[in-house]
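Student: Could we go through the salt bridges in this one together? I'd like to take it slowly.

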Amino acid sequence: MIEILQLSKAYAGSGTQAVSDFNLSVPEGEFLVLIGPSGSGKTTTLNMVNRLVEPDGGEIRIQGRNVLDSDPVMLRRNIGYVFQEAGLFPHMTVAENIAVTPNLLGWDQARIRTRVHQLLDMVQLEEAAFANRLPVELSGGQRQRVALARALAARPPVLLLDEPFGALDPVTREAVAADVRRIHQRLGLTTLMVTHDMTEALLMADRIAVMRDGRLIQVGTPHELAASPADDFVTQLIENPRRRAHALAEMLNA
Amino acid sequence: MNDSVREAWGLLPDYLGQHVILSVSALLLGVAVSLPLGIAASRSRRFGTPLLAAVSVVQTIPGLALLALFYPLLLALSVLTQDLFGFSIRALGFLPALLALTLYAMLPILRNVVTALAGLDPAILMAAKGVGMTPRQSLFKVELPLAAPLVLAGIRTATVWVVGITTLSTPIGQTSLGNYIFTGLQIENWVFVLFGCVAAAALALVLDLLLAVAGSGLAMRSRGRLIAAGLGLVAVIAAALAPELAHPRPAHQGIVIGAKNFGEQYILSQLMASRLRQAGFSVSEKSDLGSTIAFRALTAGDIDAYVDYSGTLWGNILHRTDMPGRQAMLDQLAAALKKDHGIVSLGSLGFENAYIFAMRRDRAEALHIKSLADLAAHPDLRIGGDFEIFSRPEWRAVAAAYGLGAMKRRQYQPDFLYRAVMSGDADVVSAFSSDGRIARYGLVILEDPKAALPPYDAMLLVGPAHAQDAKFIAALKPLIGSISLTLMQQANLRVDRDQDKQTPAATAAWMDQRLPH
Ligand SMILES: Nc1ncnc2c1ncn2[C@@H]1O[C@H](COP(=O)(O)OP(=O)(O)O)[C@@H](O)[C@H]1O
Ligand SMILES: [Mg+2]
């Protein structure tokens, strides 16, 4: 369970409030999607959960414990993170990338090998073909699968994803998204995912949190958002995919 | 020709070995210093900017000057450590060369470390932090491995520079492949010069190639290439060290004979060395020392004996400008050197190597010039000198005595002075009285009616360590008073002439037979 209370952040020298008065509670096992236009403070919020960004005020509790009370390095080893553009280490093979956090935690090598094997299996990459490749030798989708495996290597209870499918073509995107959702379910993770694509959010989320200008506008299941949008902005966000699907259907039927 | 090649080959193990040891040590030290400094510089702009600026400035100091600057610096430091801790550091040879070369190695390495670290993708650094790396782990597991190719490129640049500049460590008493070049230039032995250049270039290319293989090994993650490069480097270093290890030079009991950087000095040092060997001493030579460096080296015990000239010591060491007469000068010098420096003068070898001024005979006759006094009537004449003459008291004395201050001056490498006067590039040149080429080229020596130029008797000086060594002195004593000016001129000509050129060693042997034992 993740509780975010009164969270705020203004970057030094920027003058604007990146995040302000943000309150949100994510129950264990939930898949929550943070959505909002570019610059609305989604990445900043996500990064404060594992202290890549330090908040100015407020609290974040994971299983009741304030993250500001834990050692940031140990905190990050216990939270999986899939970065925008994957962020794989270019000088390490697929297997080495996946093994990074277990190695930092001092696992023995046999255990790490087994774990890498399991994870490659889970993200549907054949070990013999991929384990010794470098990131440059992978396609975008394969890279994101490796990033997902790396994030999950040390069995974290919490997974953070920052626009993980932004650079993928629509077909790959759908396949990887389905895998992420499946793995979330299977491992019983608590997942926070950032996106600016409402279709993606509607398809993947248990609940959606809408942000604008650093503020949380509305939280709810896709149904709740569709049924009672908090304002015009949310209405537009929800309507957008419906309108597009409609327009497409008409065009194809014509 | 054949003799020169054979002699050059014979010297190669020693020269190459010392060259490799010095270059590789400087590079290793350069890497060891530059890596942490580079990392610190990339972390803090306030530290990095001035550091890079300072290292860049060092790079603009000419190599020879930088190397030479470390000698007095270490000498001063040596005096300080002697006073404070009771031991002195060696100011000559390996240490100053090592420090200067390390400074040279630093710029390319440091610059590339900073550039490589600054150029890393911020997303990767964020990821390193995000997976739970401490700053230290991020540095060693992510940043340095990613910076490695560029850093290695910097090390390759440094390697080529350092191997080249190492040749300049010869004048501060460190043997290197530069010995071929400096000696070769002095005695116009182009085989030597070429030998030194080719050997240094080949060494630089081999090291660069091995580092390139290491670099491709890193890039391709090929363990085989890395091992091959590592083995190659070890092999080069081992091959260079082999002669040293097989015949470790006696560090302290051996005698070291010094020589300044011209042919006569090479011949005389070989002559002295051979007389000492005949007496049962183990002897090595340190040649191509700068003029005042040789004297300092003698006082510091870096060399045990060498030949210097009375007029030089009178001005440079005693700082005297008066002219008491030839014998009085010798006596006063002997007394002062003994008293102030513990150095014993065994006496004059019997000839003078004085500064003189010479002209082509036809030109002198056409202008009716016989003495320095006649030059005053021809202020448009050009005078050529070596690198030091115009800043020496001898020139000031001559210029003042004969009113020559306004003459147009040109400076030449000593050996090119003769070419300059023969081709008409210079009308008058400075020369040395024992040089065999004065007679050879038929030059006229301009008289010095006012005795403005001091005498330059060749004196055999013995350092404090052997001042009381009867056997040592007995071996050298027969040389005193026995070398005539004519014999020395002939000997010098054998080394300096263009045809049938002899090596200094062969010439010393030729002299040895003609001198009393
Ligand atoms: N490192 C930073 N320094 C200064 N301002 C930043 C930094 N990161 C983000 N911002 C600003 O904070 C606001 C929120 O950014 P961000 O959280 O990245 O938004 P989103 O992920 O929703 O696009 C933006 O106005 C952005 O310009
Ligand atoms: Mg973002």
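Student: Is Arg51(A) buried or exposed?

Tutor: Arg51(A) is buried, with a relative accessible area of 11%, where buried means under 20% relative accessible area, exposed over 50% and partly exposed in between, using a 1.4 Å probe and protein chains only. Keep in mind that this is a predicted model, in which local features need pLDDT of at least 70 and side-chain atom pairs count only at pLDDT 80 or more, while totals for chains, interfaces and linings use all residues. Residues are numbered from 1 along each chain as its sequence is written, chains are lettered from A and ligands numbered from 1 in the order in which they are written, and side-chain values use heavy atoms, with hydrogens and water left out.

Student: Which residue forms a salt bridge with Arg51(A)?

Tutor: Glu54(A) does, with the closest N and O atoms 3.1 Å apart; a salt bridge is a side-chain nitrogen of Lys or Arg within 4 Å of a carboxyl oxygen of Asp or Glu. Glu54(A) itself is partly exposed, at 34% relative accessibility.

Student: How many salt bridges are there over all chains?

Tutor: The count comes to 26, and among them is the one in which the side chains of Arg326(B) and Asp457(B) meet, at 2.5 Å from N to O.

Student: Which residues are linked in a network of salt bridges?

Tutor: Arg145(A), Asp179(A) and Arg182(A) are linked in that way.
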